[in-house]
Amino acid sequence: MPTGIGSLRAELCTDERAFAALGPAWEHLYRNCEAATPFQSHAWLHSWWTSYGRPGRLRLVLVHDAAGGELRAAAPLMWTGHPLPRLVPLGGAISDYGDVLLDDEHADRAATALAEALSAAARTALIDLREVRPGGAAERVYERWRGPRRRLTDSVCLELPARPMDELLSRLPTGRAQRVRTKIRKLDKLGVEHRLVRYDEVDSAVRTMLELHRLQWQDRKVTAEHLRPRFHEHLARSLGPMVRSGDALVSEFRVGGEVLAVDVTLLSRRLAGAYLCGAHPWLRERKADVATMLLRACADQVAGGERQVLSLLRGAEPYKSRWRPDAVVNQRLLLARRRTAPLLSAVACDVGTRSRGRALVRGRWEAVAAASDRPLPP
């Protein structure tokens, strides 16, 4: 499906080997897109496809410079037929942000070309861009879309400024900040030591992290995908190159020489994302505050650079809220052609029904809680 838009040339890539070979060109585009998150890096996306992709469903919409062939824009998508025919971002549920990539120096032309190429690639499918962070590159494509479109809300992410721990503490009320300092002193008294893992140590560190994660959540509700072999394979495969290129940090926390926690932080030009950790129950038994330990190490590592945001990623768990983060709502951008406008309406209607249902359930819980003085569920 090669098409030409001015000095740009668009194509649809469905070949897995071609996707693998795009690594250097994709990396260059990724570095030139300030809005990109770590979940748009080639190492992350190609590894995800290797573990989770299904043959015949890959849909990479690419925009090249017609003269030199440089990659100016890319939409990493796949086709799915459930529950409706859609093109959705690669990365799935284990990726906190979805987006396209645009070369900042050619963003306006590239966005226009990508919008037209996406329209041609969609055919009878709806384009469903989930978890787009405000300010994401996909917003430019949305603005240039000529057919039916709809902007919905998606997940909530909590964000802090990328500042050292001392500055994050200054955001807190005096009493709460003092309690955190007490927890930090306790961690120091326990002798917790922090070190960054080298790229050639990542495979072993990931294996340790997931085992600690399993122990940490034993007998409690845990994300089942985190315990599956394909997730381990994806992390081990993607994080090595990402650590080597500076797009990820893998940290070990030791006491007496024994690894008791491992944490993964993903990095891009604009933000750092606290992705996943595993911590031995020994720390909890000694009332060590694991969240404080991880945030302290992450904040001090990413402060002082060009990154503006330390994202706690999706979810508004209470342990995140105590840091007084800003709540940032991701977007869901629906793009349709005239013939697929009914699909857009169906998805928007379904989202609205689910949202009203959640609000109704929440209202009933609030009424029960008010009547019985019981706490609300998380």
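1. Helices here are DSSP runs (H or I, at least four residues), as strands are (E, at least two), numbered from the N terminus. Helix α4 covers residues 107–122, and its 16 residues should span 22 Å at 1.5 Å a residue, which agrees with end C-alpha atoms 21 Å apart; the expected span is 1.5 Å times one less than the number of residues. After α4 comes R123, with a positive phi near 55 degrees.

2. This is a predicted model, in which local features need pLDDT of at least 70 and side-chain atom pairs count only at pLDDT 80 or more, while totals for chains, interfaces and linings use all residues. Residues are numbered from 1 along each chain as its sequence is written, and side-chain values use heavy atoms, with hydrogens and water left out.

3. Among the buried residues of α4 are A107, L114, L118 and A122, where buried means under 20% relative accessible area, exposed over 50%, and partly exposed in between (1.4 Å probe, protein chains only).

4. The structure holds 6 aromatic pairs. Rings of Phe, Tyr and Trp (its six-membered ring) pair if their centres lie within 6.5 Å, with planes under 30 degrees apart counted as stacked, over 60 as edge-to-face and the rest as tilted. F39 and W44 are edge-to-face, at 5.3 Å centre to centre and 80 degrees between the planes, and ring pairs link F39, W44, Y97 and Y275 into a cluster. F39 counts as buried because its relative accessibility is 2%.

5. The charged end of R220 sits over the ring of W217, 4.4 Å from its centre (NZ of Lys or CZ of Arg within 6 Å of the ring centre and within 35 degrees of the ring normal).
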